[in-house]
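Reader: I would like to learn how to read a few features of a structure. Please take them one at a time.

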Amino acid sequence: MRNLSSLIVFLAISFRLFAQSPHGDELQISCEDCHNPKGWKLEKGAYTFNHAVTKFNLEGQHQDVDCKMCHKVLIFSKAESECVSCHTDMHYQTVGLDCA
C-alpha cells in the first residue's frame, strides 16, 4: 500500500512537471514575463513581456488596453489583429480594411 501511495505521488508530480501551457505550444516565453509569484492574476505594469516581438506592436491607445480585450482565449496566437475585429468600421468597407 505504501508503494502505491508513493507511485501516485510520483505520477502526480511528473504530470505537473510536463504539463502543457494553457497558452498553446507556440508560446515560447517564460511564465514570469506576464505572471508574478503572488498568483496567476495579471497586475498592470508588473509584467515584462515586450509586445514588440509579436506580429502586432502595441502603438497609441493599444498600449493602455487590457490584455483580455484582444486575447479573449488563452491561446494568444488566436487573437485577431485586423482593426475591424475590435473597431466599428464607420466607412462600411468603402475605404478598405487598412485603417492606418
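Reader: Where is Leu27 found?

Author: Helices (H or I, at least four residues) and strands (E, at least two) are DSSP runs, numbered from the N terminus. Leu27 is found in the loop between α1 (2-17) and α2 (67-70). The chain has two helices and zero strands. This is a predicted model, in which local features need pLDDT of at least 70, side-chain atom pairs count only at pLDDT 80 or more, and totals for chains, interfaces and linings use all residues. Residues are numbered from 1 along each chain as its sequence is written, and side-chain values use heavy atoms, with hydrogens and water left out.

Reader: Is Leu27 buried, exposed or partly exposed?

Author: Buried means under 20% relative accessible area, exposed over 50%, and partly exposed in between (1.4 Å probe, protein chains only). Leu27 has 28% relative accessibility, so it counts as partly exposed. Its C-alpha atom is separated by 8.1 Å from that of Ser77, 50 residues apart along the chain. Of the 100 residues of the chain, 6% count as buried.

Reader: How many disulfides does a search of the whole structure find?

Author: A disulfide is a covalent bond between the sulfur atoms of two cysteines. The criterion is a pair of cysteine sulfur atoms within 2.5 Å. The search of the whole structure finds zero. For Cys67, which is in no disulfide, the nearest cysteine sulfur is that of Cys34, 6.8 Å away. Cys70 is in no disulfide either, and its nearest cysteine sulfur, that of Cys86, is 4.6 Å away.

Reader: What is the relative accessible area of Cys70?

Author: Cys70 has 30% and is partly exposed. Cys67, with 29%, is partly exposed.
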